[in-house]
Amino acid sequence: MKRISLFAVAAMACMQASAQEAPAKEQPKLTFSGYAEAYYAYDFNQPEGHQRPGFLYSHNRHNELNLNLALLKVNYSTDRVRGNVGLMAGTYAQYNLASEQELLRYVYEANVGVRIGKNLWVDAGIMPSHIGFESAIGKDCYTLTRSLMAENSPYYEAGAKISWAPNDKWSFAAMYLNGWQRIKRPDGNQTPAFGTQVTFKPNSKVTLNWSTFGGNDKPDSVRQMRYFSDLYGTFGITSKFSLIAGFDIGAEKKVKGQDGMNAWYAPILIARYAFTDKIAMAGRYEYYNDADGVIVSTGTPNGFRTSGYSLNLDISPVSQVMFRLEGKMYNSKDEIFTKGETARKENFSIATSLALSF
């Protein structure tokens, strides 16, 4: 009996120890967040209709206090399932989703994902774009306004994505998409579009990313395949000084069934210096060369060949609030801007914004 009793006590002790050592099952998490960004921009070319140049889709209203983005988002996550729903309003949504069905113009994202293996996920729905280092959420960007490359490449995408992160340094993803920043596929278009993304983080201070897109954004009757590559790196040089360098290049078929491609490219460099946790400055140089008018059509001899320079000041009195002031100059090879009835090569603007996040 003593042996039986001792065995029972030992067995119970082992079971209790195993229960203590077993990892606790992750509980479902439901989180809510929000973002609101009001802005005022003054364009010294003084557009009469209050709309700034057509290649800008964010912060693009002149001489009026407006709302760039108001966003409410809910996120659900477990060990095997995740999902996001975000609803929005503002001039960002008005101009970026103008071609979408009316009820979808207020959807920032709506997607669901399931883990099918170790660190292997499948997500589907409306998702933020896998291209670029900027998003519509201004507080996450180095500058008040978005770059030319961000404004003229996808902010969002609709489709399915498979992603895999084998370790903390590498992540890989492949996408099946409805098109180039499309929720609604263009009429007459049955051509699938695809994307890829590779991200490498050798340490906490450096991120390198390469994203691609391939597809046709026009009806199949005039199919013009588009191929695009986005490469960028973020570098924390010191605890206060950081850099972002990027380069986009794309090409699109000139005419269906014939040889020849129209190409465009865009380099960018942004430097940011944080004086304190509450005050920072950022300077940007960018260039966009779309001589053939694939993305930005000007109808001028040299097409859209434009340099941009900006400098902005950020002040965050508390962690949830950010005030920004930015001056920006565009200089183009052709006279693509207008002031009244006068054509100009330059465009100068100043902008301020006040953002709240929670």
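Predicted model: local features only at pLDDT ≥ 70, side-chain atom pairs only at ≥ 80, totals over all residues.
Biologist: What volume does the largest cavity have?

Modeller: On a 1 Å grid over the protein atoms alone, a cavity is a set of points where a 1.4 Å probe fits but cannot get out, a pocket is an open set with protein on both sides within 12 Å along at least five of seven lines, and lining residues have an atom within 4 Å of a point. Points are joined across faces, edges and corners, and a volume is the space filled by probe spheres set on them. One cavity of 30 Å³ or more is counted. The largest cavity has a volume of about 40 Å³.

Biologist: Which residues are closest to the centre of the second largest pocket?

Modeller: That pocket has a volume of about 420 Å³. Its lining holds eight nonpolar, five polar and five charged residues. Of the 18 lining residues, the closest to the centre are Tyr57, Ser99, Trp180, Gln181 and Asp217.

Biologist: How are the rings of tryptophan 180 and phenylalanine 213 paired?

Modeller: The structure holds 20 aromatic pairs. Rings of Phe, Tyr and Trp (its six-membered ring) pair if their centres lie within 6.5 Å; planes under 30 degrees apart count as stacked, over 60 as edge-to-face and the rest as tilted. Here the centres are 5.2 Å apart and the planes at 75°, so the pair is edge-to-face.

Biologist: Are tryptophan 180 and phenylalanine 213 buried or exposed?

Modeller: Buried means under 20% relative accessible area, exposed over 50%, partly exposed in between (1.4 Å probe, protein chains only). Buried residues make up 42% of the 358 residues in the protein chain. Both tryptophan 180 and phenylalanine 213 are buried.

Biologist: Which residues form one aromatic cluster?

Modeller: Five names belong here. The cluster is Phe55, Tyr288, Phe304, Tyr330 and Phe337.

Terms used: Residues numbered from 1 in each chain as written. Heavy atoms only, no water. Nonpolar A, V, L, I, M, F, W, Y, C, P; charged D, E, K, R; others polar.
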